[in-house]
Amino acid sequence: MRKYLSRKTEIESSFKARADALGDQFAAACKEAGAYNEEIKKSMIEAAAQTYAAALGSARNDALSMEKGMFDKAREELTAVLTKSPTPAQTSYLQALALLSEPTQDDMAKAAQVAKGNAIAEQVVAEAGKKAHCVTLSVPDPIDLRATLDGLDAFEQRRAASIMRYGEVDATGELGSWHDICFSPSSSCDAFDALDEAIERYA
């Protein structure tokens, strides 16, 4: 289960539904204004645009607030699972493994099983396996905490820009292509994939 992708989708879908409903109301008000003379029509559209902008601004702020909460929690949880200390049993086993001058493939396979479920222990075994030339050792690739955190920061900024762009009124004062998808609920990035993988693997 993609925990954070699911949460992102919920926030995004809720915001889009709210923004689209506001857009429908704005479009209807503009259509209604078309029945009046130019002066009244202009006044009605300006009033509708102000109402729309205020309501959309509120929707955007709510979405950005929820996104910030999600990303803050994601960074906190990611850091926690990737820096969690190995259990005493794992630590003891890895210390014993380090005393072996030439660990065998069987030694490394057992160590991989002991280390499973802890990022630090798995990385220790992976590095030991490389030194012992155990090329068939089944250890997951380590997830880089710093690179993933940086990637999450960049993804959060891109999504904030998309939220602020969605539903924007064009230069003519009309919504134009407000139905265009500025972002997709299923969209992800390498950092977001690594985040959910880390949570599933180590939480």
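Lys-68, Asp-72, Arg-75, Asp-153 and Glu-156 are joined in a network of salt bridges, a salt bridge being a side-chain nitrogen of Lys or Arg within 4 Å of a carboxyl oxygen of Asp or Glu. The model is predicted, so local features need pLDDT of at least 70 and side-chain atom pairs count only at pLDDT 80 or more, while totals for chains, interfaces and linings use all residues. Residues are numbered from 1 along each chain as its sequence is written, and side-chain values use heavy atoms, with hydrogens and water left out.

Helices (H or I, at least four residues) are DSSP runs, numbered from the N terminus. Both Glu-156 and Arg-75 are buried, where buried means under 20% relative accessible area, exposed over 50%, and partly exposed in between (1.4 Å probe, protein chains only).

A salt bridge also forms between Arg-159 and Glu-67, at 2.6 Å from N to O. Arg-159 lies in helix H6 (residues 145–165) and Glu-67 in helix H2 (residues 38–82), so the pair ties together parts 92 residues apart in sequence. Arg-159 is buried at 4% relative accessibility, and Glu-67 is buried at 3%.

The structure holds 17 salt bridges. In contrast, a search of the whole structure finds zero disulfides, a disulfide being a pair of cysteine sulfur atoms within 2.5 Å. Cys-30 is buried at 17% relative accessibility, and Cys-189 is buried at 13%.

Methods
Helices (H or I, at least four residues) and strands (E, at least two) are DSSP runs, numbered from the N terminus.
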